[in-house]
Amino acid sequence: MGNRKKIKFDKETEVIGEICKALGHSTRIHIMTLLWKKDNRTCGEIVELLPFAQSTISKHLLELKKANLVNIKNKGKKIIYSIEVDKIQILKKFFANFISTIDISEQDKSTVLTTRHKVKGRNSHLKQYNYEFPHKKIKDETL
């Protein structure tokens, strides 16, 4: 491996990175959504609501705990999970500030929905570069 430089960001940027990394899996986002709708759930309650094994949910809860996105309370033999609201507030503040600084008018935004050509088949975007097979005809696919 080469010599990699580690860039040191400010503390808030580091925290946002940790939060986003922990939320980088759809199952963890779903778990957070379930906790947001009804806080203080056990792992078993979450397992009942998601189509995954208990061990899988436990691993995802551990990742959320490592990122301090959930709190854990022991209640007898049960572990109760709840959202760490302060972390969510940090994320909310970041995205609110981020979105408020975006200054792109709607007509200047491009999306997949505004694409002007039809894609037919796998690798059809490469057909215009099909120089090796000049006997093949390339259809004009404009609207």
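Please bear in mind that the model is predicted.

I begin with helix H1, which runs over residues 11-22. Helix H1 has 12 residues and spans 17 Å from its first C-alpha to its last, close to the 16 Å expected at 1.5 Å a residue. At its N-terminal end, H1 is capped by Asp 10, which places a side-chain oxygen 3.2 Å from the backbone nitrogen of Glu 12.

Which residues of H1 are buried? They are Val 15, Ile 16, Ile 19 and Ala 22. These residues cover an arc of only 130° around the axis, and therefore they sit on the same side of H1. The general principle is that an α-helix has 3.6 residues a turn, so residues three or four places apart point the same way. The cover over the buried residues of H1 includes helix H2 (26-37), helix H4 (54-66) and H5.

I turn now to H4. This helix has 13 residues, and from first C-alpha to last it reaches 18 Å, close to the 18 Å expected at 1.5 Å a residue. Its buried residues include Ile 57, His 60, Leu 61 and Leu 64. Viewed down the axis of H4, the buried residues fall within an arc of 100°, so they line one face of the helix. On the other side of H4, Lys 59 and Lys 66 are exposed.

What do the buried residues of H4 pack against? Their partners are H1, H2, helix H3 (43-49), strand S2 (70-75) and strand S3 (78-83). After H4 comes Asn 68, which has a positive phi, near 60°.

My last topic is the aromatic residues. A search of the whole structure finds two aromatic pairs. In one of them, the ring centres of Phe 94 and Phe 95 are 5.1 Å apart and the planes meet at 70°, so this pair is edge-to-face. The pair of Phe 94 and Phe 98 is stacked, with 6.0 Å centre to centre and 20° between the planes. Phe 94 and Phe 98 are four residues apart in helix H5 (residues 85-101), and so about one helical turn separates them.

Methods. Residues numbered from 1 in each chain as written. Predicted model: local features only at pLDDT ≥ 70, side-chain atom pairs only at ≥ 80, totals over all residues. Heavy atoms only, no water. Phe/Tyr/Trp six-rings, centres within 6.5 Å; stacked < 30°, edge-to-face > 60°. Helix = DSSP H or I, 4+ residues; strand = E, 2+ residues; numbered from the N terminus. Expected span 1.5 Å × (residues − 1). Buried < 20%, exposed > 50% of the residue type's maximum accessible area, 1.4 Å probe, protein only. Arc of directions from axis to C-beta. Contact = heavy atoms within 4.5 Å. Polar contact = N/O pair within 3.5 Å; in protein donor to acceptor, adjacent residues only side chain to side chain.
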